[in-house]
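Please consult the sequence and the structure shown here.

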Amino acid sequence: MHAQAALRVTPLCVASNARGWMLRGVVRPRVSFAPVRRLGSSSFAGHRTINSKIFFRGTGLRAGSISAQRWNPPSMTVRRELSLSPVAVVAPSPAKTGADSELVKELGFEEVQEQFVDEYKSTATLYRHKKTGAEIMSVVNDDENKVFGIVFRTPPTDSTGIPHILEHSVLCGSRKYPLKEPFVELLKGSLQTFLNAFTYPDRTCYPVASTNLQDFYNLVDVYLDAVFYPRCVNDIHTFQQEGWHYELNDPAEDITFKGVVFNEMKGVYSQPDNVLGRVSQQASFPDNTYGVDSGGDPTVIPDLTFEQFKEFHSKFYHPSNARVWFYGDDDPNQRLRIISAYLDEFDNNAAAKESEVKVQPLFKEPKRVVEKYAVGDGAENARKHMVAINWVLSDTVLDPETELALGFLDHLMLGTPGSPLRKALMESGLGESIIGGGIEDELRQPQFSIGLKGVAEEDIPKVEELVFSTLKRLSEEGFSADAVEASMNTIEFSLRENNTGSFPRGLSLMLRSMGKWLYGLDPFEPLRFAKPLEHFKQRLQSEGVKGVFSPLIQNYIIDNPHRVTVELHPDAEKGKIDEMQEAERLAKVKASMTQEDLAELTRATEELRLKQETPDPPEALKAVPSLALSDIPKKSATVPIEVGSLKGSTVLRHDLFTNDVLYAEVAFDMRAVRPDLLPLVPLFCQSLLEMGTADLDFVQLSQLIGRKTGGISVYPSTSAVRGRTEPSSHIFIKGKAMAGQTADLFDLMRKVLQDVRFNDQGRFKQFVLQSKSRMEGRVSGGGHSVAAARLDGKLNTAGWISEQMGGLSYLEYLRDLEKRVDEDWPSVAESLNEIRNELLSRKGTIVNLTADERTLTNAESHVAAFLDAMPETGGNIVNWDRRLPLVNEGLVIPTQVNYVGKAGNIYDAGYKLDGSAYVIQKVIGTTWLWDRVRVVGGAYGGFCDFDSHSGVFTYLSYRDPNLVKTLDNYDATVQFLRQLEVHNDALTKAIIGTIGDVDSYQLPDAKGYSSMMRYIMGITDEERQQRREEILSTSVKDFHAFADALESVKEKGVIVAVASADDIAAANKERPGLLEVRKVL
Ligand SMILES: [Zn+2]
């Protein structure tokens, strides 16, 4: 396992979890970068929910993200203008029961325990399959978003990445579904609301979700067949493709390593935060499975043999080692029938014993580890050190109450920018941003980790001293009553709201339950919170804040000798050395080969490619179950919306059941802001929440937000509007509160907008450093999003604006701003005030409210008071018509893998929007680009995105070993579309999959938000219905027409590659003058 490993999902959701570990998954991305542009990293917000913390698991809450700021903006994007799930979230209703007891026996199960979980209005039953020992948790409730998951314990003993490669490989064909990638077929043609796989340091999870029952059963069957009967254990080609192989196209050339996981992990190992997470974890757990990397170390992956790979599967992918999860409103009897059909084919094996995760004994003495990470050359490097202090908190199982208390402690110390440990580190000026995610409890033993990055070497000891002195102070002084109340309200609100964003609620519960279940502990315990919370409140009453928290800080952290301090030093040579070592290793391999060997390797390379390029036979494709077009609702679902006006502003109301929560957004027209001030907007938004007013310092302000609301956030959002040159661009203030807190919510939103004073130079400097460091992390870990923003900035005004506030231009602006804050702070403060003065106005302002009718009506007077406080003047729109120069760029960063983008505006080339474009985009992504860029090319991801508002069509690759070859694949898309003969089945599948995307599942707040975005963009229900009909009637003709449109991208498209210096130089050598070179990191 490498540290990064908690779990890892799609290429685009490079969301790190609390410790900078990454989510790993096999899947292609849902492209979500450009459309509604948000502040910096929050475009990945939808995936944060996976992160698990004691008690906040699945709630999106975590240390390091002020709840008030980061709770998920709905992940639906305006790009999906047709979207909206057909069915709403259901109000709680009386309990259902588990399976019939007769059937349970008959199918060979025994009921271990049944509980009614009041917190989620669910009946949960744990069964044991008698013959194999497999365990099944069956959760029955009214949630239509059904979830299935099967989880195996897969602790590795080395860093060859076996669990990770297996996770990819089992989805490449199975007994009943003998095609190359049934998984991709499901992506193409299912209504799934979730489909992925994760590798943790000690387990592998295969979850699916759908609201359509037949679709759900189809997904479950494909997954069960895949894990128990995969073809990859009989076919070395899958192992080579997903894991690693030597590639040799011509005996005269050099041998290279190829493989999807191999390149994925090269990308992971190129990210400094991930390096730190991995080193910290391995050094903290030298004696158990967490001391190695389940994801795979690129230098060790090539040691893995096919034999070891097969053996690992047969041992651990066995019912005796399986935990199965069902959740939702489907029939509990049918669940047992489905699963028993698979389990009955196996006997018991010893895996359950062998896969137990051993406990790491606690150290007697603290340790220190110093490692290097690769950076580009530069004077900046002196301040690029990282330091983190890590503790393993216990070697015994903690009782639920201690866990809960530690969760609160974590939130109190780090949960918001005003939390004392976070504040002390940020204000120290010793580093740029905080690393280490506080308390992490997803693995066998809980850990605590905290540190800083962007530190000068000589300041490392000062960071350590500061951490200790702050902890000591907190242990001695405790926390203020206001702080405790704010944390309590934030956590309770979040538990009660259970808003998992676009992540299925049932999956969030599964991951939470698994944190105990996997280690043989009570799987029900993590599902309950009401009683422990009540009891905890009583303890706070009787023992006092200090009485509860001081012993925890003292015993688990300060006095705990199991401490590892990790220093990471920048090294401009390391990248080159790593590359040289790989080249030497491959040269040695080649030197050891005879002519015959080389000829054989060339043949094998060719054989693999041929196999990858040969399409699946139609019979095999038929094996994967799919819905029929008749199963698809013909009408697009609508959201209730009532448009009114109040005090000269527009008010939108959505009457939806929200369980007593009011969701509110106020949108101010950002087009009133002068273009040269735009890069300051993200920091303006941050300052509103983190600088304080005349009466309240920012700590008090953020505690007040925590105590009175479910959170407030402020962020900009910009999109092109079809048929208009002017973009739509707003700054949103967004908040939520229980219905009874409506007055407080609007009063606080007003305070944040009007009363905040931009007078804290020191804090503002920290914001700048923090944003700079975040942007640098984004360039090295998510180069595709930087490339996409850059391309968009060259092709339309909306893109230009977004790039100013979140792209490379933004990073460059921040580097200058750092100096300007020191040299001329008054002018910066003046600019912040100017933005506010230009922005705040009733004119053009939109208020959006989502709740039930009664709450909406009650809110009216509070909205009126809020609007009364806004000026009537201002809001004057200025001219923004700007673009980045239309040149191809090679952006140089220290990396082992590339991010390659190419884009063009197909509206300019005469293309007229038709719903078929969505289907075609999906087909290109899941067939042509998947096959060429990922399967054959070895990149972790290859995808395309069509912005139906601007007309910009973008190709992108992710963690890509190639550059020019990938561009050629993009260009060949035209040819692919022209020659494509789409079979009826394939077309139907693509149409259904597209409808699945369009009807993506949404919780009520997301529905209200989407409806507002459509209103803003002028998209009517009639237009959505028209697009839906166009999707449903897509024909081969449409593909050919689209090919003509893409011809213009091929001919006139612009290129941005985020890549290593060597690869950019090689590209320019092969195609002289291709890329204008620009060093970024
Ligand atoms: Zn992977």
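Q: Between which helices does the loop holding Asp 100 lie?
A: The model is predicted, so local features need pLDDT of at least 70 and side-chain atom pairs pLDDT 80 or more, while totals for chains, interfaces and linings use all residues. Residues are numbered from 1 along each chain as its sequence is written, and side-chain values use heavy atoms, without hydrogens and water. Helices are DSSP runs of H or I with at least four residues, and strands are E runs of at least two, numbered from the N terminus. The loop with Asp 100 lies between helix H1 (67-70) and helix H2 (101-106).

Q: Is Glu 776 buried or exposed?
A: Buried means under 20% relative accessible area, exposed over 50%, and partly exposed in between (1.4 Å probe, protein chains only). Glu 776 has a relative accessible area of 9%, so this residue is buried.

Q: How many residues apart in sequence are the parts tied together by Glu 776 and Lys 384?
A: A salt bridge places a side-chain nitrogen of Lys or Arg within 4 Å of a carboxyl oxygen of Asp or Glu. Glu 776 and Lys 384 form one, with their closest N and O atoms 3.1 Å apart. Because Glu 776 lies in helix H24 (residues 761-781) and Lys 384 in the loop between strand E11 (367-374) and strand E12 (385-392), the pair ties together parts separated in sequence by 392 residues.

Q: Which residue forms a salt bridge with Glu 427?
A: Glu 427 is partly exposed, at 40% relative accessible area. At 3.1 Å between the closest N and O atoms, its salt-bridge partner is Arg 763.
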